[in-house]
Each structure stands twice: as C-alpha cells, then as structure tokens.
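User: I'd like to learn how to read packing, helices and interfaces from a model like this one. Could you walk me through it?

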Amino acid sequence: MSIMIDIILAVLAIYLALQCLFAPRLTQTVFLFFAFGLALALAWVRLGAVDVAITEAAIASGFLGVLFLDALRDFSLAPPLKWDNLEVVHSSLATKNPKSLFLPRLALMLGLGLFLLIALEAVWKIPEGGGLTAAAEALLPESGVEHPVTAVLLNFRAYDTWLELGVILLGLLATFAVGGIKIYRKPPVVADDILLRQVILFFTPVLFLFGAFLLYFGKSGPGGAFQAAVLWGAIGILLHLGGRPVFSMIPRWLGQLSLTVGLGFFLILGFFLLAGGATLFEYPPAYAGVLILIIETLAAISIAAALTAIFANLNQMNKEESNQIESTN
Amino acid sequence: MMIKEVITVILLVVGCFFFLAGTLGVLRFPDLFSRLHALTKADNLGLGFIAAGMALHIGSPWAVLKIFSIWFFTLLASSTSCYLIARFQKEKDQARNRKEEG
C-alpha cells in the first residue's frame with residue numbers, strides 16, 4: 001500500500017515537472033510549479049526528511065510563489081509599449097515562442113542527462129551503513145541539541161549554514177543592484193480594505209507565534225531557523241501587501257541591523273572561537289545549546305528581514321516602473 | 001472500535017466527495033466567480049470532513065486541536081483570498097465596462 005503511494009507521488013512529481021516545462025502559458029507554468037513544489041514536499045515527507053519538506057513547501061511554494069505571482073501581475077498589467085495591437089503584446093508576453101526554445105531545450109536535455117548520470121552514480125556508491133549518520137548520532141550529546149539535522153546544520157557543518165546566510169544577503173544585494181538603491185520609499189496609498197486589514201492583523205501574531213515555535217522546536221525535532229524565517233518573512237510580506245511596509249516604518253539603521261545580524265553574529269562568534277584557540281564554529285559543549293539557540297534566532301531574524309526586503313524591493317520597483325509607463329502613455 | 005472506524009471512513013469518503021465536486025466545479029464552471037464559489041465552498045467543506053475523520057482516527061485531544069486549527073486557518077485564508085480575487089475581477093470588469101461606455 002505504501003509503495004503505491006510512493007509510486008503515485010513519484011509519477012505525479014515528474015508529470016508536474018514536465019507539465020510545468022511545457023505549459024504554453026506563463027500562468028499555467030507558475031501554478032504547475034506550485035503543485036510541483038507541494039508534490040515534492042510530500043515526497044520529502046515520505047522519505048522521512050520532514051525538515052526538507054517544510055523548507056521546500058515554505059520556500060519553493062510559498063516565498064517563490066509570492067515572487068512569481070508578483071511577476072505575473074506585472075506581466076498582466078504591463079500596458080502595450082510600442083505595439084498598438086494588444087493581441088500581439090499579449091501573445092508575446094504570456095506565451096512562449098517555440099522557435100526560440102530550441103537551444104534552451106538542448107541545454108536542458110544535456111544538463112538533465114548529466115544530472116541523471118551523476119544521480120545514478122551517487123545511488124550506486126551509497127556507502128554501507130548510511131555514511132556519516134552514525135558519526136553524527138554519536139556526537140549528538142556534544143552538539144547541544146537533540147535533533148540530528150539541527151546538530152549538523154548549526155554545529156557540525158555550521159560553516160555551510162553561515163555561508164547560506166551570506167547567499168541570501170547577496171540575493172538581496174542583487175535585487176538592490178538591479179533596481180538601484182532607492183530603498184523602501186512609502187508606496188502610494190492602496191485602497192484600504194477592512195477585511196484584508198483585519199485578516200492580516202489576525203494572522204500576524206499567529207504566524208509570529210508559529211515561527212517562534214518552529215524555531216525553538218528545531219532543538220528536538222523538524223524545524224529551525226529557515227522554516228521560522230519564512231513564516232516571519234510572510235508576516236513582513238503580508239504587512240507590505242496590506243499597505244504597511246515594514247522597512248519604511250522602522251528606522252533605517254534598524255532595518256540594516258536586522259538584515260545583517262545573523263551573518264554578523266556568526267562571524268563574530270567564529271572570530272572569538274578562533275581567538276580562543278578552537279577551530280571556527282567549534283562551540284564549547286557546555287554552551288552549545290544556548291549558542292545554537294541565539295544563532296538560530298538571529299539567523300531567522302536576518303533571513304526573514306532579507307526575504308521581506310527582497311519582496312518589498314521587487315514589488316516597489318515594479319510598481320514604480322508600471323507607474324512610469326502609465327504616466328508616459 | 002468498529003463503529004469508530006466506520007464513521008472515520010464515512011467522514012473521509014464524504015470529504016473526498018466534496019473535494020471531487022469542487023474540482024469538477026473549477027474545471028466545468030463558466031466564469032471566475034462560480035469557479036471561486038466551487039473551489040472555496042466545496043473544498044473547505046471537504047477539508048472539514050477530512051479533518052473530522054482524521055481527528056476521530058487519531059483521537060488524542062492535542063492532535064484534534066491541531067487538526068481543527070489547521071482547518072480554521074485554511075478557512076480564513078481561503079475565504080479571504082477568494083474575496084480578494086473576486087474583488088480584483090469585479091474592479092477590472094467595472095473598469096472595462098466604463099471604458100466601453102465612455
């Protein structure tokens with residue numbers, strides 16, 4: 001029975017991925033991508049990797065979904081620029097030109113083939129006895145947490161996690177670079193909708209509480225900084241959409257501080273550990289639990305701030321562009 | 001024990017039926033508003049029945065509370081997004097009508 005579910009999930013994921021690639025309209029592609037993300041999350045649950053499943057559902061379907069929808073809206077609202085005929089613009093924007101897809105398809109095929117080969121080799125070479133699982137389990141008491149995934153992410157391989165924080169910050173810098181640094185201007189007043197406002201006000205504390213729960217629960221089960229950060233980032237995005245852009249309401253130094261505090265604290269901690277004669281991120285076992293909790297909290301704040309800022313910046317940018325187009329017409 | 005399982009199965013089947021009906025509605029109904037109606041009403045009811053079935057199946061009070069808070073939050077989120085989509089479409093229609101008249 002359970003193998004049936006696994007097979008259905010596997011077929012569904014591959015089918016949705018193919019549909020997503022070959023769907024004729026961008027709208028369909030986006031929604032198929034959501035469905036694909038959810039199928040993938042379910043597959044991760046079936047594989048027993050609940051941490052990955054939560055992150056997949058939250059980042060791929062949640063955060064990327066918001067960005068995709070925002071981009072779609074810009075496509076659909078973009079007024080015709082030079083063409084008088086709306087049909088031409090519509091077909092050129094919302095459908096893909098099959099002729100121009102030959103090279104991407106070729107590259108995709110080659111990449112996919114290569115990836116399949118690598119995956120096959122990886123499956124072939126799975127080490128006996130589960131690789132490093134036993135080593136990680138053996139050192140678990142020293143890591144300061146009870147959940148092996150958190151121990152690996154925040155203690156044994158903290159270097160990777162630290163660099164991931166940097167990658168997210170780089171992503172934010174990239175969106176700034178594309179749009180120029182005209183950060184967090186107050187948006188034009190959106191139509192105040194009492195229902196939307198009440199729902200956002202209701203969801204804000206709930207999301208915050210649930211994020212904090214995931215953050216703390218990461219010590220002993222699936223959860224942790226990234227999952228919590230997406231929920232907190234969702235608060236920021238909701239508030240932004242509801243006409244309360246967080247970053248233009250708090251002072252600028254506070255925004256910058258919350259963006260960099262995760263990366264910065266990690267760095268300073270690593271520096272002091274190095275100065276004390278240990279290796280980078282080798283926490284003293286007695287304080288490991290507390291240190292990990294502090295790092296996770298600060299990292300979650302930073303990631304949430306970065307996600308909110310990326311969305312706010314892109315949303316803002318697009319709004320300004322479409323306003324400019326409208327005013328020139 | 002037996003009766004509990006039977007009721008669980010009945011609840012789950014009823015839930016699946018409403019999901020199926022909602023999906024059919026989305027695929028078959030002609031315009032956005034009726035599709036929204038099918039999606040949000042039928043699916044929320046289906047989710048409610050499935051939540052009830054699972055709550056009965058698991059049986060521990062905490063799990064029941066969690067399952068029903070999932071249902072409650074989904075209810076809130078889906079009805080709000082339904083309202084927002086419908087409002088967006090209505091404003092678009094009104095703008096188009098005004099353009100055609102003027």
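**Reading the packing**

Analyst: Let's start from one residue. Leaving out residues up to four places away in sequence, A:Ala300 touches A:Leu215, A:Ala225, A:Ala228, A:Ala229 and A:Trp232; contact here means heavy atoms within 4.5 Å. Some ground rules: this is a predicted model, where local features need pLDDT of at least 70, side-chain atom pairs count only at pLDDT 80 or more, and totals for chains, interfaces and linings use all residues. Residues are numbered from 1 along each chain as its sequence is written, chains are lettered from A and ligands numbered from 1 in the order in which they are written, and side-chain values use heavy atoms, with hydrogens and water left out.

User: How many residues are in the largest nonpolar core?

Analyst: The general idea is that in soluble globular proteins, nonpolar side chains tend to be buried together. A nonpolar core is a set of buried Ala, Val, Leu, Ile, Met, Phe, Trp, Tyr and Cys residues joined through side-chain atoms within 4.5 Å. Buried means under 20% relative accessible area, exposed over 50%, and partly exposed in between (1.4 Å probe, protein chains only). Here the largest core has 50 residues, and those with the most contacts inside it include A:Phe63, A:Leu172, A:Ala300 and A:Ile303. Among the helices that each supply at least two residues are α3 (50-77), α10 (194-217) and α14 (288-328) of chain A. The biggest giver is α14(A), with 14 residues. Another core, of seven residues, lies apart from it, with A:Cys20, A:Leu32, A:Phe36 and A:Ala39 among them.

User: Which residues of α10(A) are buried?

Analyst: An α-helix has 3.6 residues a turn, so residues three or four places apart point the same way. Helices are DSSP runs (H or I, at least four residues; strands are E, at least two), numbered from the N terminus. In α10(A), the buried ones are A:Leu196, A:Val199, A:Ile200, A:Phe203, A:Thr204, A:Leu207, A:Gly211, A:Leu214 and A:Leu215. You can check the length too: the expected span is 1.5 Å times one less than the number of residues. The 24 residues of α10(A) should therefore span 34 Å, and the end C-alpha atoms are 35 Å apart, which agrees.

User: Is A:His240 buried or exposed?

Analyst: A:His240 counts as buried, because its relative accessibility is 8%. This histidine sits in helix α11 of chain A. Neighbours within four places aside, A:His240 is in contact with A:Pro245, A:Phe311, A:Ala312, A:Asn315 and A:Gln316.

User: What is the pattern of chain B along the sequence?

Analyst: Chain B reads α-α-α, with three helices and zero strands. Of its 102 residues, 23% count as buried. One of the buried residues is B:Thr8, at 6% relative accessible area. B:Thr8 belongs to helix α1 (residues 2-28) of chain B and touches B:Gly53, B:Leu56 and B:His57, not counting residues up to four places away in sequence.

User: How much area do chain B and chain A bury between them?

Analyst: Buried area is the accessible area (1.4 Å probe) that two parts lose on being put together, summed over both. Chain B and chain A bury about 730 Å², 81% of it on carbon and sulfur atoms. B:Phe73, B:Thr80 and B:Tyr83 supply 50% of the area that chain B buries against chain A, more than any other three residues. The contact takes eight residues from chain B and seven residues from chain A.
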